[in-house]
Amino acid sequence: MKVLRNRLSSALLVLFGASLITFTLARIIPSDPSLAYIGPKATAADAAKLRITLGLDQPIPGQYFKYLLQTFKGDWGYSLSTKQPILQEIRDRLPATLELIFFAITFALIFGIALGVYAAKYRGKFQDAVIRVLAIAGVSMPAFWFGLLLQMLFAGRLSWFPATGQFDIELKYDHPITRITGFPLFDSIITGNYHATFNGLHHMILPAITLSAYSFGLLSRMARANLLEIMSQDYVKVARAYGLSERLIFFKLALRNALPPIVTVTGLSAAYLITGTFFVEQVYNWPGIGSFAVNSLLSIDYPAIMGITLVAAIGYLVTNFIVDLIQSKIDPRVWMK
Amino acid sequence: MSLKSRFSSPRIRFIAIATSSLLAIASFAVPNAAQAASVFKVATSAAVTTWDPIQSFSTEAFYMTNIYEPLLWKNPDGVSPEYSPALATSWSASKDGKTWTFKLRAGATFHDGSPVNSAAVKASLESSKKVGGAGFIWDALKTVDTPSDDTVVINLSYAAPMDLIASSTYGAYIVNPKALDAVAKDAKYYESGKDGGSGPYTISSYKAGSSVVLTAYAKHWAATKPAYSTIDISIVSDGITAQQMMTSGQVDWATNIPLTSMTSLKRNNKYSVIKYKSPFNYVGYFNTLRAPLNNPKVRQALSMALNYREITAVGGQGYATQARGPVPAGIYPYDPNTPQYKMARAKAKSLLASAGVKDLTIKITYASENSAEARFVPLIKDAFEAIGVKAEVQGILFNQQWAAAKKDPANAQDLFIVKYWPTYSDAGVDNLWSLFHSSAKPFFNLSYWKNAAYDKLIDQATELSGSDKDAAQKLYSQAMVILYNEAPGLYLYDEAQVSVVPKKFSIPKYNINYPFSAFFAGVKLS
């Protein structure tokens, strides 16, 4: 209980810090929010009137405390560019982003760990070299560039996958998805709309691969390095001396002990993916909070930027908490620490 | 070696697994769903700042011209007649140009079925003047009389070209009075995508920042019904993404393809790349409040430093022509005889020397989200450096550029690069007035330049343009010569509008008078 209480209070402190920094930065950069609100040709009188309406004529500390109070009450304000409530914008877009992150992290985990293990098993061989190249490419290639490459090759040239979007545009006319949870792909499954499910999966592959590239590279290198380190430990030598099979040693002893750092990296990667979606969603025109974030940044839509920052910060905190929970399952000493 | 032993080799197994994975991915690919016959799919960057037709003053014009109608539509330059009837079928002006009578179309209705009548026109025009985003276009409007349901008489305080104003892309839509009442009670009335128009399409769904779906209005007055009953528009801010959507068949048409892609698209026999004149014009404002830029000789020297051919080629990618002042070609009161600066760096250096300028550093700001500016601004820097003037370039978001220029003009940038276009097709009352006419507090005059002779000419021309367009043109031309001599700005280039049209479709030609708009009612299969 005490640990939970401490976790919660530090989380609140982090959220407060994040909101304060973002709010201050949004206010001190020279910009005119009225431009985003009423367009670049708005008259000076209209802009002045709007600044009063938005409370921008008030002192900054007063604006911040008003913002905090409203945020706690569930009023996150209105987006300057879309004019919709921020909370509603986030609620509408977050499921698409979470589905993308889920598939990206699943790709990264499955292929990252599997290929890391494979590379460790064939250390110094051809397979190891190929996997190393893939991992380094995944870590070092900027997501927007990698995304464009995949798009040009697999959508433009080969026509294997759609270039953009979460579903085909026709789907909303031919096989509309009934909204149950707000997660479109999940809703299509539970309502038995499998045409939409397959269409959604088809659209998911390229963005998910793009988003997973960094985590895949990191996980495969991490899995390989950890396994190789553990395989050289004394207890593994003892196990070998006792005549245990290589398969048993590799998968039962070594892999289990290599897991804790991999879980930590997976957690960090998942948190990284929240901001990683900014570029990927932009390239694939994915209707999530990443593309909303980019558009908000470009129009200096500061209420939206504040809302997205809060969501990203909450995402980081929740992911870290889940990582700690999993770690404690694998190694109970972690929680105590 | 047996087949079995071949596959037991780890390397071969690895290659086999990798190959079959790729094949599995490929087999997962399924063809795109068959296109619903009556849906026309579009990708555009046009964001919606507001759905309020009275407040509208930005890129939502792309949708508005399909949902709302003005009294008249202005035809592209060179097309006769100059105007096409929209909600008014005939119109006339008194001799002094101060009274305009419009006869309304019989049978025109708003999307809720209520009639478009003179009361609706009166309410719309008065509302536009009072609270409209482009309300200033109705400056001359004194009163609106409604002698009958189908007749509107507009009385002006001074002669103004009411046919031109009534066909404006902003502030001239006729709106359902019920919607005007609703928005007066609730300022957010329109924001979920409601409309009060009478146009060929109505909004059937709107996802902010993501998509707009328009549905044909069955009771629209036009004899020819739209070929596509549904227009499904994806809002895609990135041009390359929009291009990918069109070339991969996800959408039928993309309107925001980058100029840098035109060469490759020209080679693709599925598309026609068509160039039109546009109202977009690139200008640079010199900060005339600061020495030595308060000296016209220095501004002339800097104007002569530029290699206009290079700037036009790089910025406009072959789809631009050097500007003759701030009025774009194809828009009144453009004058082909207005002088242009040409690169003359030796003369520029001697002008700087005669002005006693040494060690000058110029701070240039441009809108970083504008890719054309990002391409050509470095050329301006190089040109200045070629005549011994250092330049610091700052690419910032337009919002920030704009705010910094207005905060403290005396200490703001030295050169502000901007892309400008007139509110309606009169660059005299807009570009020439807005960009360079003096004002107590700068709004769009960000060179902070004041010239009494120029102001007088523009004021006279503005008042004359309603009754004697040719006389007004002469005054505007004189004013443009002053702009050339005094050089408060750099007059860079007129940008062309380049449309990439899939040959499969027939899409109405671009109309310079509605630069952000597409008219979907005229779209059909070729």
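Where along chain B is Pro292(B) placed? Pro292(B) sits in the loop between strand S12 (271-286) and helix H9 (296-305) of chain B. The legends below start there. This is a predicted model, where local features need pLDDT of at least 70, side-chain atom pairs count only at pLDDT 80 or more, and totals for chains, interfaces and linings use all residues. Residues are numbered from 1 along each chain as its sequence is written, while chains are lettered from A and ligands numbered from 1 in the order in which they are written.

**Figure 1. Two cis peptide bonds in chain B, at Pro292(B) and at Pro333(B).** A cis peptide bond links Ala291(B) to Pro292(B), with omega about 0°. Another cis bond links Tyr332(B) to Pro333(B), and here omega is about 5°. Pro333(B) belongs to the loop between strand S13 (320-322) and helix H11 (345-354) of chain B. Helices (H or I, at least four residues) and strands (E, at least two) are DSSP runs, numbered from the N terminus.

**Figure 2. Tyr448(B), a residue other than glycine with positive phi.** The phi angle of Tyr448(B) is near 55°. Look for Tyr448(B) in the loop between helix H14 (428-436) and helix H15 (452-464) of chain B.

**Figure 3. A five-stranded open sheet in chain B.** The strand order is S8-S9-S10-S1-S11, and the pairing is mixed. Strand S8 (201-207) and strand S11 (253-254) of chain B are the edge strands, each pairing on one side only. Strands pair if DSSP finds at least two bridges between them. S8(B) runs antiparallel to strand S9 (residues 211-216) of chain B, and six bridges join the two. One bridge partner is Val213(B) in S9(B), across from Ser205(B).

**Figure 4. A four-stranded open sheet in chain B, with a helix packed on it.** The order here is S4-S5-S7-S6, with antiparallel pairing. Strand S4 (88-93) and strand S6 (141-148) of chain B each have a single partner strand, so one side of each is left without a neighbour in the sheet. On average, neighbouring strands of this sheet are turned by 20° against each other, direction ignored. S6(B) pairs with strand S7 (residues 151-156) of chain B in the antiparallel sense, over five bridges. Leu141(B) stands opposite Leu156(B) in S7(B). Helix H4 (residues 118-131) of chain B packs on the sheet and touches strand S5 (99-104), S6 and S7 of chain B. The direction of H4 makes about 170° with that of S6(B). Axes are lines fitted to C-alpha atoms (for helices, over the stretch in contact), and angles run from 0 to 180 degrees between N-to-C directions. Contact means that C-beta atoms, placed from the backbone, lie within 7 Å.

**Figure 5. Domains of chain B.** Chain B divides into domain 1 (68-176), domain 2 (182-274 + 502-525) and domain 3 (277-496). Such bounds come from an automatic or database domain assignment. The C-alpha centres of domain 2 and domain 3 of chain B are 33 Å apart. Seven residues of domain 2 and 12 residues of domain 3 of chain B make the contact. On the domain 2 side, five residues are nonpolar, two are polar and none is charged. Ala, Val, Leu, Ile, Met, Phe, Trp, Tyr, Cys and Pro count as nonpolar, Asp, Glu, Lys and Arg as charged, and the others, Gly among them, as polar.

**Figure 6. A stretch of chain B annotated in UniProt.** An unreviewed UniProt entry lists residues 82-439 of chain B as "domain: Solute-binding protein family". UniProt positions follow the numbering used here, feature names are shortened, and annotations may be inferred rather than shown by experiment. Residues 82-439 of chain B are 29% helix and 25% strand. The end C-alpha atoms of this stretch lie 33 Å apart.

**Figure 7. The two domains assigned in chain A.** Domain 1 covers 18-72 and domain 2 covers 95-336. Their C-alpha centres are 37 Å apart. Domain 1 of chain A gives eight residues to the contact, and domain 2 of chain A gives nine. On the domain 1 side, helix H1 (2-28) and helix H2 (33-38) of chain A each supply two or more residues. H1(A) has the largest share, five residues. By class, this side has five nonpolar, three polar and no charged residues.

**Figure 8. Helices H11 and H12 crossing in chain A.** The axes of helix H11 (residues 234-241) and helix H12 (residues 246-284) of chain A come within 11 Å and cross at roughly 150°. The crossing of H11(A) and H12(A) is right-handed. A crossing is left-handed if the near helix is turned anticlockwise from the far one by less than a right angle, and right-handed if clockwise. From H11(A) come Val236(A), Ala239(A) and Arg240(A), which meet Ile249(A), Leu253(A) and Ala254(A) in H12(A). Five of these contact residues are nonpolar, none is polar and one is charged.

Key: Two residues are in contact if their C-beta atoms, placed from the backbone, lie within 7 Å.
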